[in-house]
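Please look over the sequence and the structure below before reading on. The paragraphs after them are meant to be read with the structure in view.

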Amino acid sequence: MLDIKVERTNEPKKLPEKDNPLVFGTIFTDHMFVMDYTLGKGWHDARIIPYQPLCLEPSAMVFHYGQEMFEGLKAYRAKDGRTLLFRPDMNAKRTNRTCIRLCMPEIPEEDFVQAIKELVKIDEAWVPTKEGTSLYIRPFIIATSPFLGVRPSHTYKFIIILSPVGPYYPEGLDPVKIWIEDEYVRAVKGGIGEAKAGGNYVASLRAQVKAHEEGYSQVLWLDGVHRKYIEEVGAMNIFFKINGSVITPELNGSILPGVTRDSVIRLCKDWGIKLEERKISIDEISRAHKDGLLEEVFGTGTAAVVSPVGHLRWGKDVMQIKDGGIGELSQKLYDNLTGIQLGNIPDVHNWTVEV
Ligand SMILES: *Cc1c(COP(=O)(O)O)cnc(C)c1O
């Protein structure tokens, strides 16, 4: 158990108006959680303080060598007024796997979840109530030692900030157009692709800009060695439904192990749908499309939950998935996952946690 000191703000901000569209990641709540780490002493000084700028040395290691990790999850307001988290233990476990890979100190799982719960409780009035909205939770750890040599930092800060967000697709599920990248790669086996690190995102920006210029909203990455096997989309894992079977790339060391991915696999298995986690090549997708067997493609991630894919573009090959609309399974998964997250559907797996 952490002993969390609380300093409440004297100047609470105005809550967003009811009709505010809550554009992702633009509004922050009144408070933040901070905890420091010092080599030899461990994590200490857990506190909740008013949301404010950080004061760091310009020599802080995070600015130079990118020793940084982050997480993302959401708190949802149920109809009965409870505030629910979705599988926060999974984010705690993934944080520690990321920390091991990036030579950062681990955080006890129960402390990670406790810090989130206490912060969300204090800013509970910020959990929006309109359909499709939620409170996005962003925990992150940065290296703070003032040192320009290359080694793991000796001091860190673990911080959690909160941001009310609107529905990812304000008009309801909306199929996205995806660009399959054949020039740049995101990650390779042995690298940091399976860690939730800012460094993976800076590596992805060039291809994202290129895809946007071509009129595509997201990038689908191929493996870094053969440029042949499907990995994942920007900030989502990817699933294909081919001739009745659901296929998603196996976790191979360069793919981020998504909590939503894990939940979708569980639900498909519960429903008796054939599900394979395996290598799948872009040629296999292209062939399935030509043969009329590519029934659905969708991405999964905390932000959009399930994101149907309407178009895939691989070089000159433009694949429209079915009629470019929303697949039946994509819709059913979206309805069930959001139903569980909001407490409207029985939570047989005990995935939700009350704040
Ligand atoms: C966070 C993330 C995902 C999705 O993970 P969830 O736990 O489902 O939100 C997928 N890919 C990448 C690269 C990510 O950073």
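What follows goes through the domains, the interface between them and the surroundings of the ligand.

This is a predicted model, in which local features need pLDDT of at least 70 and side-chain atom pairs count only at pLDDT 80 or more, while totals for chains, interfaces and linings use all residues. Residues are numbered from 1 along each chain as its sequence is written, and side-chain values use heavy atoms, with hydrogens and water left out.

The chain is divided into domain 1 (5-165) and domain 2 (176-341), with bounds that come from an automatic or database domain assignment. The C-alpha centres of domain 1 and domain 2 lie 27 Å apart, and 19 residues of domain 1 are in contact with 19 residues of domain 2, where contact means heavy atoms within 4.5 Å. The area buried between domain 1 and domain 2 is about 1700 Å², with 60% of it given by carbon and sulfur atoms; buried area is the accessible area (1.4 Å probe) that two parts lose on being put together, summed over both. Of the area that domain 1 buries against domain 2, F70, F86 and R94 supply 35%, more than any other three residues.

Across this interface the rule finds 1 salt bridge, a side-chain nitrogen of Lys or Arg within 4 Å of a carboxyl oxygen of Asp or Glu. D262 forms a salt bridge with R87, and their closest N and O atoms are 3.0 Å apart. On the side of domain 1 that touches domain 2, strand 4 (68-70), strand 5 (73-77), strand 6 (83-86) and helix 2 (88-101) each supply at least two residues, and helix 2 gives the most, with 6 residues; these helices and strands are DSSP runs (H or I, at least four residues, for helices; E, at least two, for strands), numbered from the N terminus.

The ligand is surrounded by 15 residues, the closest being K196, Y201, E232, T260 and T302, where a residue counts if one of its heavy atoms lies within 4 Å. A polar side-chain atom of Y201 lies 2.5 Å from an oxygen atom of the ligand, and an N or O atom in the side chain of T302 is 2.6 Å from a ligand oxygen atom. R94 likewise has a polar side-chain atom 2.8 Å from an oxygen atom of the ligand.

Methods
A polar contact is a pair of N or O atoms within 3.5 Å; within protein, one must be able to donate a hydrogen and the other to accept it, and residues adjacent in sequence count only if both atoms are side-chain atoms.
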